[in-house]
Amino acid sequence: MNRKILLTGSSGFIGKNLLQNLYCLIDYSVVCSSRNIDKIGRNEYFVPLIDAQTDWSPLLSDIDYVVHLAGRAHQQNISDSSDQLYAYRKVNTDGVINLARQAAESGIKRFIFISSIGVNGLGSRKPFRYDDAPSPQEPYAVSKYEAEVGLQKIAKETGMEIVIIRPPLVYAANAPGNFGKLTALAKNNLPLPLGAMDNKRSLVGIDNLVDLIITCIDHPKAANQTFLVSDDNDVSTSHLLRSMILSAGKTPFLLPVPIRILRFFAGLLGKASVIDRMSSNLQIDISHTKSTLGWKPPVSFEEGIRRCFK
């Protein structure tokens, strides 16, 4: 039986990778929404704005599942945190809840929401678990957490199943954000004073995240669950950079400068928080995800990094 999926954010970084995989599955057909009118393809619809007033009814006809990836990822040129939170909430909270309510009214079976590990916090002394008390610290994470709360309420009121997935930093070839900056550093292979960063961080390769999302579409045990996801192989910042540089075909040249010295000089430039984040721990326990779904990351960290430089 062919099942129909509405995928939002299909032109985004994760969305493009997920869509390629969904097109290969004969059991599913996909309808997409995108805010990038220049990248509209087959079975795709232009949705320029996602907020509490967006009308999703033209896209929800005969849909069985919704995979919601669209959202505001970065808010630039807004320094006030209250303004940032307002901007994030408009899309990442109000927009999500609006879509979910219309989905429930349309008889959608399951709504999969890609949240963020930031809902758990910025870091902790022990790995985050799926059932830890949420502790979002930044406006983006707050907006994602508030969306989760709204989705859980809708699920209780309507019976529509929800699945929440909280990924950490997602890496892949041409990834945006911080990983994209690290990729440029690896390719240029300049001497870097980051060889002493012996922290532990959980990452997730795009292939592993996409595989989990597809698993959650109709897995019977995924209903109304929150899943954390990673490569299940925590690495330090220096290990990550070394692996990237080697995969780029270069010889690593990482200088073991003590963290306190890096923080001091970064502080002179007003960038101490960058060093703090790069050297901090953020570990994720995915045992609940693996045991509930019978799932494990199909691609190792080493192979995932190699694929970024092919």
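User: What makes strands E2 and E3 (residues 44-46) a pair, and in which sense do they run?

Analyst: E2 and E3 are joined by three bridges and run in the parallel sense. Two strands pair if DSSP finds at least two bridges between them, so E2 and E3 qualify. Strands (E, at least two residues) and helices (H or I, at least four) are DSSP runs, numbered from the N terminus. Within this pairing, Cys 32 stands opposite Glu 44.

User: What should I know about the model first?

Analyst: The model is predicted: local features need pLDDT of at least 70 and side-chain atom pairs pLDDT 80 or more, while totals for chains, interfaces and linings use all residues. Residues are numbered from 1 along each chain as its sequence is written, and side-chain values use heavy atoms, without hydrogens and water.

User: What makes the unit of E1, H1 and E2 right-handed or left-handed?

Analyst: The direction of the crossover decides. A crossover is right-handed if, with the strands pointing away from the viewer, the path from the first strand over the helix to the second runs clockwise. E1, H1 and E2 form a right-handed β-α-β unit.

User: How do you know that E2 is mostly covered?

Analyst: Six of the seven residues of E2 are buried. Buried means under 20% relative accessible area, exposed over 50%, and partly exposed in between (1.4 Å probe, protein chains only).

User: Why is the contact of Arg 3 and Asp 27 called a salt bridge?

Analyst: Their closest N and O atoms are 3.7 Å apart. The rule asks for a side-chain nitrogen of Lys or Arg within 4 Å of a carboxyl oxygen of Asp or Glu, so the pair passes. It links distant parts of the chain: Arg 3 in strand E1 (residues 3-8) and Asp 27 in the loop between helix H1 (13-22) and strand E2 (28-34), 24 residues apart. Arg 3, at 17% relative accessibility, counts as buried. Asp 27, at 37%, is partly exposed. In the whole structure, the search finds 16 salt bridges.

User: What does the salt bridge of Glu 148 and Arg 166 tie together?

Analyst: The closest N and O atoms of Glu 148 and Arg 166 are 2.7 Å apart. Glu 148 sits in helix H4 (residues 139-158) and Arg 166 in strand E6 (residues 161-166), so the pair ties together parts 18 residues apart in sequence. Both residues are buried.

User: How many aromatic pairs are found?

Analyst: The search of the whole structure gives four. In the pair of Tyr 88 and Tyr 140, the ring centres are 5.6 Å apart and the planes at 70°, so the pair is edge-to-face. The rule: rings of Phe, Tyr and Trp (its six-membered ring) pair if their centres lie within 6.5 Å; planes under 30 degrees apart are stacked, over 60 edge-to-face and the rest tilted. Tyr 88 belongs to helix H3 (residues 81-105) and Tyr 140 to helix H4, so parts 52 residues apart in sequence are tied together. Tyr 88 is buried at 6%, while Tyr 140 is partly exposed at 24%.

User: Why is the pair of Tyr 171 and Phe 179 called tilted?

Analyst: The ring planes of Tyr 171 and Phe 179 meet at 35°, with centres 5.5 Å apart, so the pair is tilted. Tyr 171 is buried at 2%, and Phe 179 at 1%. Ring pairs link Tyr 171, Phe 179 and Phe 301 into a cluster.

User: What is in contact with Met 244, leaving aside its neighbours within four places in sequence?

Analyst: Phe 179, Leu 182, Thr 183, Ala 186, Ile 305 and Phe 309. Contact means heavy atoms within 4.5 Å. Met 244 is found in helix H7 and is buried, with a relative accessible area of 0%.
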